Amino acid sequence: MKIGIILGDQLSLSLPTLAHLDKQRDRLVMAELADEATYVKHHKQKIALIFSAMRHFATDLQQQGWQVDYYPYGEHRHRDFESLLADHYREAQGIVVTHCGEYRLQQRIDQQWSASCGVEVTCLDDTRFLCAPGFFPRWAAGKKQLRMEFFYREMRRHTSLLMEGSEPVGGKWNFDSSNRQPYKGKTPLPPVLTFTRDAIDEQVLALVAEHFADHPGSLQHFQWGTTSRQAQQALAHFIEHRLPCFGDYQDAMITGEDTLFHSLLSPYLNLGLLDPMAVCQAAEQAYYDGDAPLNAVEGFIRQILGWREYVRGIYWLLMPDYAKENRLGNHRPLPSYYWTGETKMHCMAECFRNTLEHAYAHHIQRLMVTGNFALLLGVLPDAICQWYLEVYADAFDWVELPNTLGMVMHADGGYLGSKPYAASGSYINRMSDYCKHCQYDVKTASESDSCPFNSLYWHFIHRHRGQFSTNHRMKMIYRNLDRMDSDKVNAMLTRAESLLANPDLL
Ligand SMILES: Cc1cc2nc3c(=O)[nH]c(=O)nc-3n(C[C@H](O)[C@H](O)[C@H](O)COP(=O)(O)OP(=O)(O)OC[C@H]3O[C@@H](n4cnc5c(N)ncnc54)[C@H](O)[C@@H]3O)c2cc1C
Ligand code: SF4
């Protein structure tokens, strides 16, 4: 008898482990382990979602005829897989697992699992992604510079998504320039999808409330689907109600509107409850059926076929050294409001509220508000990476790390963007209504009530002149800085210095 280990983000019936084993002869093992649940302080909703989805998936497997040994949290004494395997599976004829999504755990699989129980471990390639195993390193080999856009075009050709022969549908690869509208309230917002909770959900929510009370976030607004059927409902809901306007308002932010037209599909994709190809094809079909415009469909497919696959490629290409990168030499701690949500900066407070209430924030909230602020402040990449890994329901190292360390902090020298995504308050003002509700003045930079993003932005530009002044995409910014009146520049830099001395007071 062989043992197949199913990890918490491997909840797919198409998992290679299942194809490799025989349900008449072999057994599957699933375990809720203290080490995995606590190696960082995951948001309560993230733990509840994963445990509940695991329990539902185990039931699905049993219904399909598999024998599953399930170890619920608190009902066994094992902190990690090594201890579990050593105690129960020394007699197995082999252990089978699919390559995991985190370098940390993969190291343990490769180096410790076999030693702990004396049984051979077979680790299979994870084929649940759109990029075939080995494709990304081959694509990257010999290139001086890696850019998502070129990888994405290659993936479009490779998958034939939105292609007419060798040409992109609509004659352009990218419709991003149409996808930057602020939301002015004229288009009705989509309905919110809710799910009825079953006994498994209720048990898990109670367990998390009891055992993880000191973890961030609240369970009160838990709205995630926890079964593959609910994940399918979420996809259908997105295609019908949200996709048509997804492109137009992709970068918009509005007070009190936590999701706008975003899909909320990332946790289901990352747990394996949704197949990325099926998701892209559903969006593509909506375009061919005339139910969604091309700018929306292309923009959505680019996120999954392009960004999601690209960040995964970068992660496995560059780990483990990637996690240590800090090219801008940042060292500041994360201000306390990242945990409490209590700040006078209205944009930040809104993003923290969404994060703590829902274990969710959409991309622009993560990138251009909380991420941008950490970049301008010069937070230690490790500290901000850990925060993003902890607080979002969709956070797994392979996708969180490149997005934070690379895209937000530009700590890797530019694999995720040819220039840093640094912005002053005027970007936030253009794309949201946040500044209208804020105690700070977005129009000024050096007064005591000036928007902190403004002076910190120019301080960032000024202090990194050595790194960025020769970047052709930033030359104009340095020209603007050099043309400014020197008294004005000094006043802004003085204000920024005072904010940097006490960022917790903002
Ligand atoms: C600092 C930072 C940290 C992030 N951490 C994570 C993370 O831990 N897990 C995660 O899945 N995404 C992460 N992202 C990417 C993105 O913000 C989320 O995928 C998205 O907000 C999830 O919400 P949604 O499903 O409503 O996305 P939508 O806006 O509806 O996008 C559709 C899908 O595209 C994919 N996608 C979009 N952008 C990205 C991206 N940059 N990288 C990878 N996939 C993308 C997701 O699967 C998402 O579900 C991060 C982004 C930033 C800036
Ligand atoms: S004024 Fe500045 S701090 Fe306030 S909401 Fe606008 S960008 Fe954020």
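# Close-up views of a predicted model

**Figure 1. Helix H3 and its surroundings.** Helix H3, residues 44-63, comprises 20 residues and spans 29 Å from its first C-alpha to its last, close to the 28 Å expected at 1.5 Å a residue. The expected span is 1.5 Å times one less than the number of residues in the helix. Helices (H or I, at least four residues) and strands (E, at least two) are DSSP runs, numbered from the N terminus. This is a predicted model, in which local features need pLDDT of at least 70 and side-chain atom pairs count only at pLDDT 80 or more, while totals for chains, interfaces and linings use all residues. Residues are numbered from 1 along each chain as its sequence is written, chains are lettered from A and ligands numbered from 1 in the order in which they are written, and side-chain values use heavy atoms, with hydrogens and water left out. Of the 20 residues of H3, 16 are buried, so the helix is largely enclosed by the rest of the structure. Buried means under 20% relative accessible area, exposed over 50%, and partly exposed in between (1.4 Å probe, protein chains only). Just after H3, Gly65 adopts a positive phi of about 100 degrees.

**Figure 2. Gln45 within helix H3.** Gln45 belongs to helix H3 and counts as buried, because its relative accessibility is 0%. Contact means heavy atoms within 4.5 Å. With neighbours within four places in sequence left aside, Gln45 is in contact with Ser218, Leu219, His221, Phe222, Trp224, Glu357, His358 and Ala359.

**Figure 3. The largest nonpolar core.** A nonpolar core is a set of buried Ala, Val, Leu, Ile, Met, Phe, Trp, Tyr and Cys residues joined through side-chain atoms within 4.5 Å. The largest such core has 154 residues, of which Leu243, Leu265, Tyr310, Tyr338, Met348, Phe373 and Phe453 touch the most other members. Helix H12, residues 294-318, gives the most to this core, with twelve residues. A second, separate core has 20 residues, including Ile3, Tyr71, Ala92 and Cys100. Apart from neighbours within four places in sequence, Leu243 is in contact with Phe238, Ala283, Ala286, Ala292, Ala296, Val297 and Phe300.

**Figure 4. Helices H12 and H17.** The axes of H12 and helix H17, residues 397-408, come within 8 Å and cross at roughly 90 degrees. The two helices are therefore roughly perpendicular to each other. Axes are lines fitted to C-alpha atoms, for helices over the stretch in contact, and angles run from 0 to 180 degrees between N-to-C directions. Angles under 35 degrees count as roughly parallel, over 145 as roughly antiparallel, 65 to 115 as roughly perpendicular and the rest as oblique. H12 contributes Trp307, Arg308, Val311, Arg312, Tyr315 and Trp316 to the contact, and H17 contributes Asp397, Trp398, Val399, Leu401, Pro402, Asn403 and Met407. By class, this contact has nine nonpolar, one polar and three charged residues. Here Ala, Val, Leu, Ile, Met, Phe, Trp, Tyr, Cys and Pro count as nonpolar, Asp, Glu, Lys and Arg as charged, and the others, Gly among them, as polar.

**Figure 5. Helices H7 and H12.** Helix H7, residues 148-159, packs with H12 at an angle of about 110 degrees, and their axes are 9 Å apart. That angle makes H7 roughly perpendicular to H12. Met148, Glu149, Phe151, Tyr152, Met155, Arg156 and Thr159 of H7 meet Glu298, Arg302, Leu305, Gly306, Trp307, Glu309 and Tyr310 of H12. The contact of H7 with H12 has seven nonpolar, two polar and five charged residues.

**Figure 6. Leu28 in strand E2.** Leu28 lies in strand E2, residues 27-31, and counts as buried at 0% relative accessibility. Leaving aside neighbours within four places in sequence, the contacts of Leu28 are Gly4, Ile6, Leu18, Leu21, Leu61, Trp66, Gln67, Val68 and Asp69.

**Figure 7. The loop between helices H9 and H10.** His262 is located in the loop between helix H9 (228-246) and helix H10 (266-271). At 9% relative accessibility, His262 counts as buried. Beyond neighbours within four places in sequence, His262 is in contact with Phe238, Arg242, Phe246, Tyr249, Gln250, Tyr360 and His362. Leu264 is found in the loop between H9 and H10 and counts as partly exposed at 22% relative accessibility. Phi of Leu264 is positive, near 55 degrees, in a residue other than glycine.

Figure 8. Met319 and Pro320 are joined by a cis peptide bond, with omega about 5 degrees. Pro320 lies in the loop between H12 and helix H13 (337-340). Leu162, in the loop between H7 and strand E6 (163-164), has a positive phi of about 50 degrees although it is not a glycine. Leu162 is buried, with a relative accessible area of 1%.
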